[in-house]
Amino acid sequence: MTHGTSRQRRVGDRGAASIEQAGITFLVAVLLGAAVASPATNIIGPNVAYALCRAFAALPGAGPDCAPPEAATEDRTKDYDNKCTVRQVNRGNSYGANVKVVTAEKGTSDQIKDNADGSSSVTLTEKGEAGVGLKAKKPKSGKDDDGKGGKSGDGTDGDGQGQDAVDVKGKAEVTVGTSLKYTYNFPEEYGGSEEAHAFLDDRRGGLKQYVQTAVPGAQTLDEGATRLKDGVGDLWNWGYHTVTGKEESAESRAARDRAKRMGQADSVSADLSLQGSAGLDITSGLIEGGAEISASVDGTVTAALTTDGPDKGSNSFTGTAKWDGKLDFTLGMPGDSQRQLADLPPFLNLSPGMGGTGSYTVDFDEHGNPISITFTTESRESLKGGLTPPAVKGVSGKARAQTGTATEEKRILDLTDPANRAAYDAFFITGGVTLPNGTVAKVAMPRPYNANSPESTQQWLTDALGLWGRTNEDAIIINSTYDIYGTDLSAQVKSEDGFAVGPVGVSWSDTETVRTLTGATIQDMRTGEPARALANCEG
């Protein structure tokens with residue numbers, strides 16, 4: 001009996017070992033198969049997990065639900081479908097004054113975004129700038145008939161050599177600017193694009209834009225007056241129903257709440273910027289030419305004023321660096337001496353340009369915790385053309401049309417993921433305030449480093465590359481292309497006096513720029529799947 005029992009046990013052990021070995025062999029094959037099938041190393045993990053899940057699900061008594069890795073892609077990207085901005089209109093109006101080397105400018109601008117999901121948003125901005133600049137003027141080359149430069153009556157220089165006088169001017173300026181922006185959200189259930197355009201016409205239509213440009217603080221006063229009127233209306237409504245004993249219907253209460261929310265800003269942004277520019281202007285006969293390059297950095301704190309509902313505002317901080325370069329040519333037309341037609345001075349303007357923008361935006365939840373960071377890079381090319389009438393007694397102006405293209409990439413990194421958050425905390429520091437009502441005003445800046453310490457610099461670069469590396473592994477990337485067109489009107493009255501002295505006078509400008517989406521794709525780097533077109537985001 002004993003021998004038989006031992007023998008049976010040994011036979012059973014060998015059978016169990018064979019089953020175990022077969023199971024291990026099976027799992028190893030599954031793992032290898034998943035690894036070989038993975039198109040990129042950063043998605044081996046999801047594929048292996050799915051393969052293991054299915055392997056164990058096949059065992060007796062097991063039945064877990066296994067979601068394929070592709071499901072994660074759909075879950076992470078589908079929320080961005082219909083969310084792209086298909087059309088964006090930026091308008092600006094400003095006036096300025098120049099006294100010697102000091103410049104000052106005040107203006108207003110507005111922006112309206114129409115999104116693919118039927119929603120829209122309107123941003124109203126009031127801005128002010130002040131700066132210092134210098135303008136250097138080189139004496140004209142060439143001689144006129146009295147030996148001082150210029151042309152003689154026969155169209156040649158006074159020395160008979162026919163050399164045109166050349167006028168060269170250089171300029172440089174540094175400007176500090178601030179702005180206050182109010183953003184109003186119009187979800188589809190609030191009327192979307194139609195209500196947004198009606199709201200913009202009411203706030204900035206006709207002469208109202210120029211009135212708000214001329215009156216300091218007019219935009220904030222307008223917002224305050226709106227909220228005061230709504231408060232008085234609520235008090236009156238409460239008193240009426242209290243005195244009469246009539247209960248307001250749910251439909252009436254909802255309509256009042258909707259009208260009030262549509263008229264009040266959902267978020268407010270404060271902006272501080274620093275800009276520098278330098279340029280060179282050359283005038284010679286029938287040709288005026290020039291080149292200019294400018295660069296700016298700014299930071300914008302955005303705090304939500306509406307913390308619930310479909311028009312909920314956002315809490316964020318955005319840091320931006322921007323540069324633009326342009327050439328400027330203004331051409332005249334030669335006359336005809338046989339027909340006694342004089343030369344037309346330079347009047348036809350052509351200005352090609354290009355530029356780029358890099359920015360990051362950190363979004364915060366109602367508790368002030370960073371929930372995502374978005375890195376945005378944009379490159380753009382443009383061409384402006386139109387009329388620049390010759391200056392008459394210091395009065396000049398331009399009327400130009402603009403066309404161009406822009407390409408944009410957004411890398412959206414989820415900071416609720418522990419690895420992403422760790423990389424963010426290693427490179428960024430965050431400070432600010434969080435109010436009990438959910439309004440958050442915070443600033444997120446890269447950590448400082450000691451430029452005199454190679455170790456500090458190396459660590460800073462390592463942390464920066466580490467955070468950027470996370471976008472290559474785990475970000476959602478959206479690439480968009482835009483067509484750009486618009487108008488550019490300006491006028492100025494100035495006089496120039498001496499060397500290294502800036503212009504003295506006043507200026508005015510009015511611009512409108514329209515961006516229309518031509519296409520957009522999205523890709524989830526977590527899975528490594530190829531980019532796909534965003535739904536309803538094709539031009």
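In the predicted model described here, the buried residues of helix α9 are D463, L467, R470, T471 and D474, where buried denotes a relative accessible area under 20%, exposed one over 50% and partly exposed a value in between, computed with a 1.4 Å probe on protein chains only. Seen down the axis of α9, these buried residues fall within an arc of 115°, so they line one face of the helix; the arc is taken over the directions from the helix axis to the C-beta atoms. The face of α9 that is turned away from the buried side carries the exposed residues P454, E455 and L465. Helix α9 comprises the 21 residues 454–474 and reaches 30 Å from its first C-alpha to its last, close to the 30 Å expected at 1.5 Å a residue, the expected span being 1.5 Å times one less than the number of residues.

The model is a prediction, in which local features require a pLDDT of at least 70 and side-chain atom pairs count only at pLDDT 80 or more, whereas totals for chains, interfaces and linings use all residues. Residues are numbered from 1 along each chain as its sequence is written, and side-chain values use heavy atoms, with hydrogens and water left out.

Taken as a whole, the protein chain contains nine helices and 15 strands, helices (H or I, at least four residues) and strands (E, at least two) being DSSP runs numbered from the N terminus. Of the 539 residues in the protein chain, 34% are buried. Among contacts in the protein chain with a separation of 6 or more, 68% are accounted for by residues 24 or more positions apart, a contact being defined by heavy atoms within 4.5 Å.

E473 counts as partly exposed at 42% relative accessibility, whereas R470, at 18%, counts as buried. Elsewhere, salt bridges that share partners join D328, K384, K398, R400 and D488 into one network.

By the rule stated above, the count of salt bridges comes to 26. One of them is the pair D81 and R532, whose side chains meet at 3.2 Å, N to O. D81 lies in the loop between α3 and β1 and R532 in strand β15, so this pair ties together parts that are 451 residues apart in sequence. D81 is buried, with a relative accessible area of 15%, while R532 is partly exposed, with a relative accessible area of 30%. The side chains of K384 and D488 likewise meet in a salt bridge, at 3.2 Å, N to O. Since K384 lies in strand β9 (residues 370–387) and D488 in strand β13 (residues 476–495), the pair ties together parts that are 104 residues apart in sequence. D488 is buried, with a relative accessible area of 11%.

A covalent link is also present. The count of disulfides comes to one, the criterion being a pair of cysteine sulfur atoms within 2.5 Å. This disulfide is formed by C84 and C537, with their sulfur atoms 2.0 Å apart. C84 lies in the loop between α3 (69–77) and β1 (85–99) and C537 in the segment after β15 (532–533), so the pair ties together parts that are 453 residues apart in sequence. The torsion about the S-S bond of C84 and C537 is about -105°, so the disulfide is left-handed. C84 counts as buried at 11% relative accessibility, as does C537 at 0%.

Two further elements may be described. Helix α7 (residues 250–263) has 14 residues that should span 20 Å at 1.5 Å a residue, and its end C-alpha atoms are 20 Å apart, in agreement with this value. The buried residues of α7 are R261, M262 and G263, and what covers them includes β4 (166–186), α4 (192–204) and α6 (218–244).

In strand β8 (residues 344–364), T357 has its place, and the side chain of T357 makes a polar contact with the side chain of R380 at 2.8 Å. A polar contact is a pair of N or O atoms within 3.5 Å; within protein, one must be able to donate a hydrogen and the other to accept it, and residues adjacent in sequence count only if both atoms are side-chain atoms. Leaving aside neighbours within four places in sequence, T357 is in contact with T320, A321, K322, T376, T377, E378 and R380.

Terms used
Salt bridge = Lys/Arg side-chain N within 4 Å of Asp/Glu carboxyl O.
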